[in-house]
Amino acid sequence: MESRQAETGNPDEEKMAGGARARRGLHLLILEPYHGGSHRQFIEGLVRHLDCRCTLLPLPARAWKWRMRLAAVHFAGLLAEMATPPDAVLCSSYVDVALLRALAPPWLAACRLVTYFHENQFAYPVRNEDVRDAHFAVTNLTSALASDAVLFNSEFNRTTFLDGAASLLAQAPDMKLAAALAAVSRKSAVLPPGLDAPPTAAPIGREAAAPPVVLWNHRWEHDKNPEEFFEGLFTLQQRGVPFQVAVLGQAFRQTPPIFAAAQARLAGRLLQFGYAERESYHRLLARADLVVSTARHEFFGYSVLEAVQAGCRPLLPDRLSYPELFPAQYLYGDGELADRLEEGLAAGRLDPWQADRLTGRFLWRRLAARYRRVLFPGEAKEAGAK
């Protein structure tokens, strides 16, 4: 894959690197205005396993509102300089696809364009629902309408998109819009992001009598509900339950105050408190016993799946995307967290068979062919004709 930042100049098709294993020269162009976190991880995995020529036009993962409003204008200018159209275009939901179609060169109208929704602006949490900017939700809707196919990473994501769109359209006066929603529903599908085979990183050393480890590997933000997580640990601490804690994930300039309080109260139990680079991160996953989420917002749950793949027992709220990912035995209800934490720590890590049973269906090697069929449906038709 060739990745080109917008600042580097004009895309030059003669220099675009094609994969050595590319099948029949099919070319996928990927437009990602928010190239970071799960978006970046998804693209890197897809490119490794798709077996075609891929070109990525990225922008750094910042200023998402500006990306949604103007990235289409930016990308339209870059597409105008391409000498040879790709066979398909893949956009994330931060691209205003309707605007891109309007401004891009004519070849894009005839090119298959697929939009992947890691999240949707109908259900993305805001501090105050009264100040939600409907413009971004409408952009998601018109992007879906202007795409040839729409992919969601979970059924929860797809359902909240369609329900939110129905609610919003019902408020529009003097217009018949039901057909638009039906069109999006027909062209939409759920296709989760993939996992690579787990790395072989050795776990951080542990003495036989060492306490079990609780893992937090989420963003340090309010929508991940860290207050409930740490309150559960404080309860275990008061009960005298032995445990250690690894608090990973990305912190931002404004971090919820509970993190500083927890660092002080759990000081003697902290195995890690802060972001870990990739190798150390995987070693900690291989060391932890129980991965916990208390999220109020989760459209998929990649970090949890990654930890479970490494052998961590999951403990997750019975809401959002989690019930479609994991059996009920790994889910907890309101008011149950502390008791279920204690039970989970006593149960210990998953064995390799259990981990594979829970995560094996998400491996890229099992999903890549499905992505290829969505992106290049003509290839399957040609094979069938032969």
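Which residue lies over the face of Phe234? Arg265 does, at 3.8 Å from the ring centre.

## Basis

This is a predicted model, in which local features need pLDDT of at least 70, side-chain atom pairs count only at pLDDT 80 or more, and totals for chains, interfaces and linings use all residues. Residues are numbered from 1 along each chain as its sequence is written, and side-chain values use heavy atoms, leaving out hydrogens and water.

## Charges over rings

Besides Arg265 over Phe234, Arg269 lies over the face of Phe243, at 4.3 Å from the ring centre. A charge sits over a ring if NZ of Lys or CZ of Arg is within 6 Å of the ring centre and within 35 degrees of the ring normal.

## Aromatic pairs

There are 22 aromatic pairs in the structure. Rings of Phe, Tyr and Trp (its six-membered ring) pair if their centres lie within 6.5 Å; planes under 30 degrees apart count as stacked, over 60 as edge-to-face and the rest as tilted.

The ring centres of Tyr34 and Tyr94 are 5.1 Å apart with planes at 40 degrees, so this pair is tilted. Tyr34 is in strand 2 and Tyr94 in the loop between strand 4 and helix 3, 60 residues apart. Strands (E, at least two residues) and helices (H or I, at least four) are DSSP runs, numbered from the N terminus. Tyr34 is partly exposed at 22% relative accessibility, while Tyr94 is buried at 6%. Buried means under 20% relative accessible area, exposed over 50%, and partly exposed in between (1.4 Å probe, protein chains only).

## Aromatic cluster

Trp216, Trp220, Phe229, Phe230, Phe259 and Phe273 make up one aromatic cluster.
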